[in-house]
Amino acid sequence: MSGKEAFQQELDARHDKYERLVKLSRDITVESKRTIFLLHRITSAPDMEEILTESEIKLDGVRQKILQVAQELSGEDMHQFHRAITTGLQEYVEAVSFQHFIKTRSLISMDEINKQLIFSTEENGKENKTPPSDAQDKQCGTWSLKLTPVDYLLGVADLTGELMRMCINSVGNGDIDTPFEVSQFLRQVYDGFSFIGNTGPYEVSKKLYTLKQSLAKVENACYALKVRGSEIPKHMLADVFSVKTEMIDQEEGIS
């Protein structure tokens, strides 16, 4: 085999791997979005634990897809294929952090997420046929995939939009405590992102504007609930919330 043919085969194999990773990333994105949609039902569901259990099953399925990503990246530099998988990883962070917030009213750390992305091939009933690499523990027969800080930050930034929707759904069901809890949480997240400012990656600074919008909408709606909440019947509170957010959108459009 000539050197040219060897290079051609190597490039073809790399392109095929990239396409497989893109497909896996799409699957991770779709399943993570379905988990988020499921978790939004928790504001109106009579049994919260049932929704959380079902969401955990869905997230386990997503983690199996991430295991396949880790196996594909065996012996490879993850950063060369990062663009292929970053969208899926961000969506997974958004889903798992949303579930964690519903359970604990706190933010899950990147280390906690990475601990969930350590897989044992023996537990999954799969034989390890791939040569050992950094992603694989030779002695324990485990696979792992570590999130990059950028994936984590972008996933958390997207979480704020889901929390804003959760506020609207909660108010619609007469729950006026959740918006204030979410408002306090979003303020802490925004403060953390503000410390990064323009010193971080471009994608993070771009998300900061969206995060600020979500925080402003929740805070203004909470203000309306605090001032006029006692005057308005519970079944009409969602309308107040929606009108307030629409007014903010119009003001931002004018400015």
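Visitor: Leaving aside neighbours within four places in sequence, which residues is Lys17 in contact with?

Guide: Lys17 is in contact with Glu72, Glu76 and Phe81. In this predicted model, that means heavy atoms of Lys17 come within 4.5 Å of heavy atoms in each of those residues.

Visitor: Where is Lys17 found, and why is Lys17 counted as buried?

Guide: Lys17 sits in helix H1, which covers residues 3-40. Its relative accessibility is 13%, and buried means under 20%, so Lys17 counts as buried.

Visitor: Let's turn to the annotated residues. Where does UniProt place the feature "binding site"?

Guide: The unreviewed UniProt entry puts that feature at Glu94 and Glu162.

Visitor: How do you know that they gather at one spot, given that they span 69 residues in sequence?

Guide: No two of their C-alpha atoms are more than 8.6 Å apart, so they gather at one spot despite that span of 69 residues. They come from separate elements: Glu94 lies in helix H3, residues 82-104, and Glu162 in helix H5, residues 149-172.

Visitor: What makes Glu94 and Glu162 buried rather than exposed?

Guide: Buried means a relative accessible area under 20%. Glu94 has 4%, so Glu94 is buried. Glu162 has 12%, so Glu162 is buried by that cut-off too.

Visitor: Why is the pairing of the Glu162 and His40 side chains called a polar contact?

Guide: The distance is 2.7 Å. A polar contact takes a pair of N or O atoms within 3.5 Å, one able to donate a hydrogen and the other to accept it, so this side-chain pair qualifies.

Visitor: How many disulfides does the structure hold, and how do you know that Cys167 is in none?

Guide: There are 0 disulfides. For Cys167, the nearest cysteine sulfur is that of Cys222, 6.0 Å away. A disulfide needs two cysteine sulfur atoms within 2.5 Å, so Cys167 is in no disulfide. Cys222 is likewise in no disulfide, its nearest cysteine sulfur being that of Cys167.

Visitor: Are those cysteines buried or exposed, and what makes them so?

Guide: Cys167 has a relative accessible area of 0% and is buried. Cys222, at 4%, is under the 20% cut-off, so Cys222 is buried as well.

Notes
Residues numbered from 1 in each chain as written. Predicted model: local features only at pLDDT ≥ 70, side-chain atom pairs only at ≥ 80, totals over all residues. Heavy atoms only, no water. UniProt positions renumbered as here; feature names shortened; annotations may be inferred. Helix = DSSP H or I, 4+ residues; strand = E, 2+ residues; numbered from the N terminus. Buried < 20%, exposed > 50% of the residue type's maximum accessible area, 1.4 Å probe, protein only.
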